[in-house]
Amino acid sequence: MPRPRRPRRGVRLILASLLLTGLSGVAAAVTVHAAAPAAAATTATFTDDFNGPAGSSIDLSKWRVETGDNVNNHEREYYTSGTHNAALDGQGHLVITARRDNPSNYQCWYGTCQYTSARFSTAGMFTQAYGHFESRMQLPKGQGMWPAFWMLGDNIGTVGWPNSGEIDTMENVGYEPGTVHGTLHGPGYSGSNGLGAAYTLPGGQNFYDGFHIFAVDWAPNSVKFSVDGNVYETRTPADTNGNPWVFDHPFYLIMNLAVGGYWPGDPNASTVFPQNLVIDYVHVTTGGTGSSTGQITGYGGKCVDVAGANSANGTAVQLYDCNGTAAQQWTVGADGTIRALGKCMDLTAAGTANGTQVQLYDCNGTGAQKWQASGGSLINPQSGRCLDATGPSSANGTRLQIWDCTGGANQKWNLPS
(Lines give C-alpha, C1' and ligand atoms only; values in the text may rest on other atoms or scores of the structure.)
Protein backbone atom coordinates (compact mmCIF):
# COMPACT_ATOMS: atom_id res chain seq x y z
CA MET A 1 0.00 0.00 0.00
CA PRO A 2 1.50 3.36 -0.97
CA ARG A 3 2.89 5.41 1.89
CA PRO A 4 1.15 8.72 2.55
CA ARG A 5 2.60 11.47 0.44
CA ARG A 6 2.49 15.23 0.50
CA PRO A 7 1.27 17.38 -2.37
CA ARG A 8 3.75 17.31 -5.19
CA ARG A 9 3.27 21.06 -5.65
CA GLY A 10 6.69 20.94 -7.19
CA VAL A 11 5.51 24.03 -8.97
CA ARG A 12 7.94 26.27 -7.26
CA LEU A 13 7.25 29.92 -6.69
CA ILE A 14 9.36 30.94 -9.68
CA LEU A 15 7.31 28.73 -12.00
CA ALA A 16 4.01 29.75 -10.48
CA SER A 17 4.99 33.36 -11.01
CA LEU A 18 5.76 32.73 -14.67
CA LEU A 19 2.45 30.98 -15.16
CA LEU A 20 0.49 33.71 -13.45
CA THR A 21 2.06 36.33 -15.67
CA GLY A 22 1.34 34.36 -18.81
CA LEU A 23 4.97 33.32 -19.33
CA SER A 24 5.87 36.73 -20.67
CA GLY A 25 8.74 36.76 -23.08
CA VAL A 26 8.33 33.06 -23.87
CA ALA A 27 7.51 31.71 -27.31
CA ALA A 28 3.93 30.56 -27.70
CA ALA A 29 3.38 27.04 -26.43
CA VAL A 30 2.61 24.18 -28.75
CA THR A 31 -0.69 22.71 -27.57
CA VAL A 32 -1.87 19.39 -28.96
CA HIS A 33 -5.36 17.96 -28.58
CA ALA A 34 -4.99 14.26 -29.15
CA ALA A 35 -7.57 12.19 -30.91
CA ALA A 36 -10.10 10.19 -28.95
CA PRO A 37 -9.34 6.48 -28.46
CA ALA A 38 -11.29 5.45 -31.55
CA ALA A 39 -8.74 7.16 -33.78
CA ALA A 40 -6.53 4.69 -35.63
CA ALA A 41 -3.55 6.94 -36.34
CA THR A 42 -0.72 7.50 -33.89
CA THR A 43 1.34 10.64 -34.42
CA ALA A 44 4.48 11.67 -32.56
CA THR A 45 3.95 15.12 -31.03
CA PHE A 46 6.95 15.43 -28.71
CA THR A 47 10.20 13.51 -29.02
CA ASP A 48 13.51 13.93 -27.25
CA ASP A 49 16.09 11.14 -27.54
CA PHE A 50 18.80 13.24 -25.85
CA ASN A 51 21.30 12.88 -28.64
CA GLY A 52 24.27 15.22 -28.55
CA PRO A 53 27.89 15.53 -27.44
CA ALA A 54 28.85 14.42 -23.96
CA GLY A 55 28.67 17.28 -21.49
CA SER A 56 26.24 19.38 -23.51
CA SER A 57 23.04 20.77 -22.07
CA ILE A 58 19.47 19.69 -22.59
CA ASP A 59 17.69 21.05 -25.68
CA LEU A 60 16.38 24.41 -24.46
CA SER A 61 14.03 24.65 -27.44
CA LYS A 62 12.07 21.76 -25.87
CA TRP A 63 12.64 22.08 -22.14
CA ARG A 64 12.49 24.89 -19.58
CA VAL A 65 15.02 24.80 -16.74
CA GLU A 66 13.37 25.27 -13.34
CA THR A 67 15.62 26.53 -10.56
CA GLY A 68 15.40 27.06 -6.82
CA ASP A 69 14.29 25.10 -3.79
CA ASN A 70 10.93 23.58 -2.83
CA VAL A 71 9.54 24.39 0.59
CA ASN A 72 6.14 22.79 -0.17
CA ASN A 73 7.52 19.25 0.00
CA HIS A 74 10.41 20.15 2.33
CA GLU A 75 12.84 18.89 -0.28
CA ARG A 76 16.51 19.50 0.48
CA GLU A 77 17.97 20.17 -2.98
CA TYR A 78 18.49 23.38 -4.92
CA TYR A 79 17.65 22.95 -8.60
CA THR A 80 20.39 24.56 -10.69
CA SER A 81 20.84 25.63 -14.29
CA GLY A 82 23.81 24.80 -16.50
CA THR A 83 25.41 21.37 -16.77
CA HIS A 84 26.63 20.85 -13.19
CA ASN A 85 23.55 18.75 -12.38
CA ALA A 86 22.23 17.77 -15.81
CA ALA A 87 24.04 16.99 -19.05
CA LEU A 88 23.96 14.66 -22.03
CA ASP A 89 26.33 11.70 -21.79
CA GLY A 90 27.05 11.41 -25.51
CA GLN A 91 25.37 8.00 -25.66
CA GLY A 92 21.79 9.17 -26.14
CA HIS A 93 20.96 9.86 -22.49
CA LEU A 94 20.25 12.84 -20.30
CA VAL A 95 21.80 12.37 -16.86
CA ILE A 96 20.31 14.33 -13.96
CA THR A 97 22.80 14.20 -11.09
CA ALA A 98 21.99 14.84 -7.44
CA ARG A 99 25.09 16.01 -5.58
CA ARG A 100 25.93 16.70 -1.98
CA ASP A 101 27.42 20.12 -2.67
CA ASN A 102 26.66 23.84 -2.92
CA PRO A 103 29.12 25.52 -5.27
CA SER A 104 27.34 28.89 -5.32
CA ASN A 105 26.19 29.26 -1.71
CA TYR A 106 22.56 28.64 -2.65
CA GLN A 107 20.03 29.38 0.09
CA CYS A 108 17.12 27.01 0.74
CA TRP A 109 14.02 27.20 2.91
CA TYR A 110 15.96 25.57 5.76
CA GLY A 111 19.15 27.66 5.40
CA THR A 112 22.24 27.04 3.31
CA CYS A 113 21.40 24.29 0.81
CA GLN A 114 23.12 20.93 1.29
CA TYR A 115 22.35 19.36 -2.10
CA THR A 116 21.96 20.31 -5.77
CA SER A 117 19.99 18.64 -8.56
CA ALA A 118 17.99 19.55 -11.67
CA ARG A 119 14.42 19.81 -12.86
CA PHE A 120 12.90 20.47 -16.30
CA SER A 121 9.44 21.10 -17.70
CA THR A 122 7.73 21.93 -20.97
CA ALA A 123 5.60 24.69 -19.40
CA GLY A 124 4.88 27.33 -22.03
CA MET A 125 6.57 25.19 -24.68
CA PHE A 126 4.55 21.99 -25.14
CA THR A 127 1.23 20.84 -23.72
CA GLN A 128 -1.17 18.08 -24.73
CA ALA A 129 -4.53 16.68 -23.76
CA TYR A 130 -4.81 12.88 -24.15
CA GLY A 131 -2.39 10.49 -25.75
CA HIS A 132 0.49 8.22 -24.83
CA PHE A 133 3.22 9.74 -22.61
CA GLU A 134 6.33 7.62 -22.10
CA SER A 135 9.88 7.79 -20.79
CA ARG A 136 12.58 5.16 -20.52
CA MET A 137 14.67 5.72 -17.40
CA GLN A 138 17.16 4.13 -15.02
CA LEU A 139 16.45 5.32 -11.50
CA PRO A 140 18.91 6.32 -8.77
CA LYS A 141 19.32 4.46 -5.49
CA GLY A 142 19.57 5.37 -1.84
CA GLN A 143 17.62 6.78 1.06
CA GLY A 144 16.23 10.22 0.28
CA MET A 145 16.19 9.89 -3.51
CA TRP A 146 12.93 10.97 -5.18
CA PRO A 147 12.91 10.81 -9.01
CA ALA A 148 9.71 11.65 -10.86
CA PHE A 149 8.22 11.90 -14.35
CA TRP A 150 4.91 13.75 -14.15
CA MET A 151 2.51 16.36 -15.60
CA LEU A 152 0.62 19.44 -14.45
CA GLY A 153 -2.44 21.10 -15.96
CA ASP A 154 -1.53 24.14 -18.03
CA ASN A 155 -4.21 26.22 -16.27
CA ILE A 156 -2.42 26.08 -12.93
CA GLY A 157 -1.66 29.80 -13.14
CA THR A 158 -5.37 30.64 -13.10
CA VAL A 159 -7.06 27.88 -11.10
CA GLY A 160 -4.19 26.83 -8.84
CA TRP A 161 -3.19 23.40 -7.60
CA PRO A 162 -4.81 20.87 -7.27
CA ASN A 163 -7.69 22.24 -9.38
CA SER A 164 -5.34 22.17 -12.37
CA GLY A 165 -4.82 18.43 -11.98
CA GLU A 166 -1.61 16.46 -11.70
CA ILE A 167 -0.65 13.14 -13.30
CA ASP A 168 2.32 11.42 -11.67
CA THR A 169 3.38 8.91 -14.31
CA MET A 170 6.23 7.66 -12.14
CA GLU A 171 7.48 8.45 -8.65
CA ASN A 172 9.99 6.41 -6.70
CA VAL A 173 11.30 6.87 -3.17
CA GLY A 174 14.71 5.48 -2.34
CA TYR A 175 13.63 3.20 0.47
CA GLU A 176 11.51 1.25 -2.07
CA PRO A 177 14.08 0.44 -4.77
CA GLY A 178 11.84 -2.05 -6.56
CA THR A 179 8.59 -0.07 -6.47
CA VAL A 180 7.18 2.94 -8.33
CA HIS A 181 3.90 4.79 -7.87
CA GLY A 182 1.37 6.28 -10.31
CA THR A 183 -1.03 8.89 -8.96
CA LEU A 184 -3.69 11.42 -9.94
CA HIS A 185 -4.19 14.59 -7.89
CA GLY A 186 -7.22 16.83 -8.17
CA PRO A 187 -9.70 18.77 -6.01
CA GLY A 188 -10.75 16.51 -3.15
CA TYR A 189 -8.15 13.85 -3.93
CA SER A 190 -4.72 15.42 -3.56
CA GLY A 191 -1.61 15.04 -1.46
CA SER A 192 -1.78 11.93 0.72
CA ASN A 193 -5.33 11.34 -0.60
CA GLY A 194 -4.30 11.16 -4.26
CA LEU A 195 -5.69 8.38 -6.43
CA GLY A 196 -2.71 6.07 -6.72
CA ALA A 197 -1.32 2.57 -6.88
CA ALA A 198 2.10 0.95 -6.78
CA TYR A 199 3.93 -1.37 -9.17
CA THR A 200 6.68 -3.65 -7.85
CA LEU A 201 9.17 -5.46 -10.05
CA PRO A 202 9.05 -9.26 -9.82
CA GLY A 203 11.76 -11.39 -8.31
CA GLY A 204 13.27 -8.75 -6.05
CA GLN A 205 14.57 -6.65 -8.94
CA ASN A 206 15.43 -2.99 -8.42
CA PHE A 207 14.74 -0.03 -10.68
CA TYR A 208 18.31 1.20 -10.30
CA ASP A 209 19.70 -1.95 -11.95
CA GLY A 210 18.51 -1.14 -15.47
CA PHE A 211 16.23 0.86 -17.73
CA HIS A 212 12.44 0.61 -17.54
CA ILE A 213 9.62 2.27 -19.45
CA PHE A 214 7.11 4.35 -17.51
CA ALA A 215 3.96 5.47 -19.33
CA VAL A 216 0.40 6.66 -19.13
CA ASP A 217 -2.31 6.20 -21.74
CA TRP A 218 -4.65 9.11 -21.23
CA ALA A 219 -8.06 9.23 -22.89
CA PRO A 220 -11.26 11.09 -22.11
CA ASN A 221 -12.43 9.75 -18.72
CA SER A 222 -9.54 7.31 -18.36
CA VAL A 223 -5.86 7.32 -17.32
CA LYS A 224 -3.91 4.04 -17.45
CA PHE A 225 -0.51 3.65 -15.79
CA SER A 226 2.03 1.09 -16.99
CA VAL A 227 5.59 -0.11 -16.41
CA ASP A 228 7.30 -1.91 -19.29
CA GLY A 229 3.92 -2.25 -20.97
CA ASN A 230 2.25 -3.81 -17.91
CA VAL A 231 -0.87 -1.79 -17.07
CA TYR A 232 -1.16 -1.84 -13.28
CA GLU A 233 -3.69 0.92 -12.62
CA THR A 234 -6.65 2.51 -14.41
CA ARG A 235 -8.44 5.59 -13.07
CA THR A 236 -11.78 7.02 -14.21
CA PRO A 237 -14.23 9.67 -12.92
CA ALA A 238 -15.89 6.91 -10.88
CA ASP A 239 -12.83 6.99 -8.57
CA THR A 240 -13.16 10.63 -7.49
CA ASN A 241 -16.10 10.11 -5.08
CA GLY A 242 -18.10 12.85 -6.77
CA ASN A 243 -15.23 15.35 -6.91
CA PRO A 244 -14.43 17.02 -10.25
CA TRP A 245 -12.50 15.03 -12.84
CA VAL A 246 -9.95 17.62 -14.02
CA PHE A 247 -8.14 15.61 -16.70
CA ASP A 248 -9.85 17.03 -19.77
CA HIS A 249 -7.47 19.82 -20.79
CA PRO A 250 -3.79 20.12 -21.81
CA PHE A 251 -0.98 19.30 -19.39
CA TYR A 252 2.77 19.88 -19.60
CA LEU A 253 5.64 17.50 -18.79
CA ILE A 254 8.03 17.58 -15.83
CA MET A 255 11.03 15.43 -14.91
CA ASN A 256 13.23 15.90 -11.88
CA LEU A 257 15.35 14.28 -9.21
CA ALA A 258 14.48 15.56 -5.74
CA VAL A 259 16.53 14.94 -2.61
CA GLY A 260 14.68 14.48 0.66
CA GLY A 261 11.19 15.65 1.49
CA TYR A 262 8.19 14.52 3.49
CA TRP A 263 7.64 11.31 1.55
CA PRO A 264 11.12 9.87 0.89
CA GLY A 265 12.69 11.26 4.05
CA ASP A 266 16.13 12.84 4.09
CA PRO A 267 19.37 11.18 3.00
CA ASN A 268 21.31 9.45 5.77
CA ALA A 269 24.74 7.98 6.31
CA SER A 270 23.93 5.10 3.94
CA THR A 271 23.19 7.40 0.99
CA VAL A 272 25.99 7.56 -1.55
CA PHE A 273 26.43 10.70 -3.68
CA PRO A 274 26.37 11.56 -6.50
CA GLN A 275 23.24 9.76 -7.67
CA ASN A 276 21.98 9.73 -11.27
CA LEU A 277 18.58 9.66 -12.94
CA VAL A 278 19.42 8.49 -16.48
CA ILE A 279 16.79 9.30 -19.09
CA ASP A 280 16.97 7.52 -22.44
CA TYR A 281 14.04 9.29 -24.08
CA VAL A 282 10.73 11.09 -23.62
CA HIS A 283 8.10 10.35 -26.28
CA VAL A 284 4.54 11.65 -26.59
CA THR A 285 2.05 10.54 -29.23
CA THR A 286 -1.56 11.22 -30.09
CA GLY A 287 -4.17 8.74 -31.23
CA GLY A 288 -4.37 5.11 -30.29
CA THR A 289 -4.49 6.21 -26.69
CA GLY A 290 -5.30 2.84 -25.21
CA SER A 291 -3.60 -0.51 -24.91
CA SER A 292 -5.09 -3.98 -24.90
CA THR A 293 -3.92 -7.18 -23.27
CA GLY A 294 -4.69 -10.81 -24.08
CA GLN A 295 -3.81 -13.67 -26.39
CA ILE A 296 -2.61 -13.20 -29.96
CA THR A 297 -3.78 -16.09 -32.11
CA GLY A 298 -2.52 -17.02 -35.54
CA TYR A 299 -1.81 -19.89 -37.92
CA GLY A 300 -3.69 -23.09 -37.02
CA GLY A 301 -5.44 -21.35 -34.14
CA LYS A 302 -2.26 -21.41 -32.09
CA CYS A 303 -1.15 -18.65 -29.72
CA VAL A 304 1.91 -16.43 -29.86
CA ASP A 305 3.96 -17.73 -26.94
CA VAL A 306 7.19 -17.03 -25.06
CA ALA A 307 9.17 -20.28 -25.05
CA GLY A 308 9.28 -21.84 -21.62
CA ALA A 309 7.61 -18.73 -20.13
CA ASN A 310 11.20 -17.48 -19.81
CA SER A 311 11.62 -13.71 -19.55
CA ALA A 312 15.36 -13.74 -20.29
CA ASN A 313 16.60 -11.61 -23.17
CA GLY A 314 16.76 -13.63 -26.38
CA THR A 315 13.99 -16.07 -25.49
CA ALA A 316 12.27 -17.36 -28.63
CA VAL A 317 8.78 -16.16 -29.56
CA GLN A 318 6.88 -19.08 -31.04
CA LEU A 319 3.51 -20.67 -31.76
CA TYR A 320 2.01 -22.93 -29.11
CA ASP A 321 -1.32 -24.36 -27.99
CA CYS A 322 -3.31 -21.62 -26.27
CA ASN A 323 -3.16 -22.24 -22.52
CA GLY A 324 -3.96 -18.91 -20.84
CA THR A 325 -0.56 -18.55 -19.16
CA ALA A 326 1.34 -15.30 -18.71
CA ALA A 327 3.64 -16.39 -21.54
CA GLN A 328 0.70 -15.82 -23.89
CA GLN A 329 -0.60 -12.55 -22.43
CA TRP A 330 0.52 -9.80 -24.77
CA THR A 331 -0.05 -6.08 -24.27
CA VAL A 332 -0.45 -4.26 -27.59
CA GLY A 333 0.52 -0.71 -26.73
CA ALA A 334 -0.27 2.63 -28.28
CA ASP A 335 3.48 3.13 -28.71
CA GLY A 336 3.66 0.28 -31.25
CA THR A 337 5.21 -2.24 -28.90
CA ILE A 338 3.91 -5.74 -28.13
CA ARG A 339 4.94 -6.90 -24.67
CA ALA A 340 4.81 -9.96 -22.43
CA LEU A 341 6.49 -10.86 -19.14
CA GLY A 342 7.76 -7.28 -18.86
CA LYS A 343 9.75 -7.47 -22.11
CA CYS A 344 9.14 -6.51 -25.76
CA MET A 345 8.67 -8.55 -28.94
CA ASP A 346 11.94 -7.81 -30.71
CA LEU A 347 13.81 -8.57 -33.94
CA THR A 348 17.07 -10.36 -33.22
CA ALA A 349 20.06 -8.00 -33.65
CA ALA A 350 17.61 -5.42 -35.07
CA GLY A 351 17.64 -7.41 -38.31
CA THR A 352 15.50 -6.39 -41.27
CA ALA A 353 16.14 -9.32 -43.64
CA ASN A 354 13.74 -12.14 -44.46
CA GLY A 355 14.05 -14.84 -41.82
CA THR A 356 15.10 -12.56 -38.96
CA GLN A 357 13.82 -14.34 -35.88
CA VAL A 358 11.55 -12.79 -33.28
CA GLN A 359 12.57 -12.87 -29.63
CA LEU A 360 11.81 -11.34 -26.26
CA TYR A 361 14.07 -8.49 -25.17
CA ASP A 362 14.27 -5.49 -22.85
CA CYS A 363 12.06 -2.71 -24.17
CA ASN A 364 14.33 -0.05 -25.65
CA GLY A 365 12.18 2.08 -27.97
CA THR A 366 13.99 1.05 -31.16
CA GLY A 367 12.44 0.25 -34.53
CA ALA A 368 13.19 -3.43 -33.93
CA GLN A 369 10.36 -3.41 -31.38
CA LYS A 370 7.70 -1.52 -33.33
CA TRP A 371 4.69 -3.20 -34.95
CA GLN A 372 1.68 -1.97 -36.88
CA ALA A 373 -1.55 -3.89 -37.44
CA SER A 374 -2.78 -3.72 -41.02
CA GLY A 375 -5.32 -5.97 -42.72
CA GLY A 376 -4.86 -8.70 -40.14
CA SER A 377 -1.07 -8.64 -40.48
CA LEU A 378 1.55 -7.29 -38.08
CA ILE A 379 4.13 -5.20 -39.92
CA ASN A 380 7.49 -4.08 -38.59
CA PRO A 381 7.79 -0.58 -40.14
CA GLN A 382 11.58 -0.52 -39.92
CA SER A 383 11.92 -3.54 -42.20
CA GLY A 384 8.60 -3.31 -44.01
CA ARG A 385 8.15 -7.05 -43.40
CA CYS A 386 5.40 -9.04 -41.68
CA LEU A 387 5.33 -11.26 -38.62
CA ASP A 388 5.40 -14.77 -40.07
CA ALA A 389 5.07 -18.36 -38.83
CA THR A 390 8.08 -20.19 -40.25
CA GLY A 391 7.39 -23.00 -42.65
CA PRO A 392 4.54 -22.25 -42.82
CA SER A 393 3.84 -24.50 -39.86
CA SER A 394 1.45 -24.47 -36.95
CA ALA A 395 3.29 -27.08 -34.91
CA ASN A 396 4.03 -26.29 -31.31
CA GLY A 397 7.38 -24.54 -31.09
CA THR A 398 7.25 -23.03 -34.57
CA ARG A 399 9.53 -19.99 -34.41
CA LEU A 400 8.17 -16.62 -35.50
CA GLN A 401 10.15 -14.48 -37.92
CA ILE A 402 9.70 -11.57 -40.32
CA TRP A 403 9.19 -12.12 -44.04
CA ASP A 404 7.97 -10.26 -47.07
CA CYS A 405 4.26 -9.60 -46.63
CA THR A 406 2.34 -12.14 -48.72
CA GLY A 407 -1.14 -12.01 -47.21
CA GLY A 408 -0.82 -15.71 -46.39
CA ALA A 409 -2.61 -17.37 -43.49
CA ASN A 410 0.68 -17.75 -41.65
CA GLN A 411 0.91 -13.96 -41.52
CA LYS A 412 -2.57 -13.29 -40.12
CA TRP A 413 -2.99 -12.50 -36.45
CA ASN A 414 -5.94 -11.85 -34.15
CA LEU A 415 -5.06 -9.22 -31.57
CA PRO A 416 -6.71 -8.75 -28.17
CA SER A 417 -9.49 -6.18 -28.18
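Are C108 and C113 buried or exposed? Select the two: C108 is buried, and C113 is buried as well, where buried means under 20% relative accessible area, exposed over 50%, and partly exposed in between (1.4 Å probe, protein chains only). Keep them on screen, since the tour returns to them.

**Before you click further**

What you have open is a predicted model, in which local features need pLDDT of at least 70 and side-chain atom pairs count only at pLDDT 80 or more, while totals for chains, interfaces and linings use all residues. Residues are numbered from 1 along each chain as its sequence is written, and side-chain values use heavy atoms, with hydrogens and water left out.

Colour by pLDDT, the predictor's confidence in each residue, from 0 to 100. The chain averages 89, and 88% of the residues score at least 70. Now select residues 1-28: pLDDT is below 50 there, and the stretch has 69 contacts in the model beyond near neighbours in sequence. A contact here means heavy atoms within 4.5 Å. Residues 33-41 also stay under 50, with 20 contacts beyond four places in sequence.

**Into the cores**

Next, show L94, I167 and M255. These have the most contacts inside the largest nonpolar core, which has 51 residues. Such a core is a set of buried Ala, Val, Leu, Ile, Met, Phe, Trp, Tyr and Cys residues joined through side-chain atoms within 4.5 Å. Strand β20 (residues 251-259) gives the most to this core, five residues; helices (H or I, at least four residues) and strands (E, at least two) are DSSP runs, numbered from the N terminus.

Zoom in on L94. Leaving aside neighbours within four places in sequence, its contacts include F50, I58, F120, M255 and L277. Then jump to V317, A327, M345 and L378, which belong to a second, separate core of 22 residues.

**Along the sheet**

Select strands β22, β25, β26, β27 and β28. In that order they make an open sheet of five strands with antiparallel pairing; two strands pair if DSSP finds at least two bridges between them. β22 (292-294) and β28 (358-361) are at the edges with a single partner strand each, so one side of each has no neighbour in the sheet. Neighbouring strands are turned by 35° against each other on average, direction ignored, with axes being lines fitted to C-alpha atoms, for helices over the stretch in contact, and angles running from 0 to 180 degrees between N-to-C directions.

For a close-up, take β25 (residues 330-332) and β26 (residues 338-340), paired in the antiparallel sense over two bridges. Here T331 stands opposite R339.

**The sulfur stops**

How many disulfides does the structure hold? There are four, each a pair of cysteine sulfur atoms within 2.5 Å. Counting bonded cysteines along the chain, the pattern is 1-2, 3-4, 5-6, 7-8.

- Back to C108 and C113: their sulfur atoms are 2.0 Å apart, and the torsion about the S-S bond is about 110°, so this disulfide is right-handed.
- Go to C303 and C322, joined S to S at 2.1 Å. C303 lies in strand β23 (residues 303-306) and C322 in the loop between β24 (317-320) and β25, so the pair ties together parts 19 residues apart in sequence. C303 is buried at 0%, whereas C322 is partly exposed at 36% relative accessibility.
- Finish at C344 and C363, with sulfur atoms 2.2 Å apart. C344 sits in strand β27 (residues 343-347), and C363 in the loop between β28 and β29 (372-374). C344 counts as buried at 0% relative accessibility, and C363 counts as buried at 5%.
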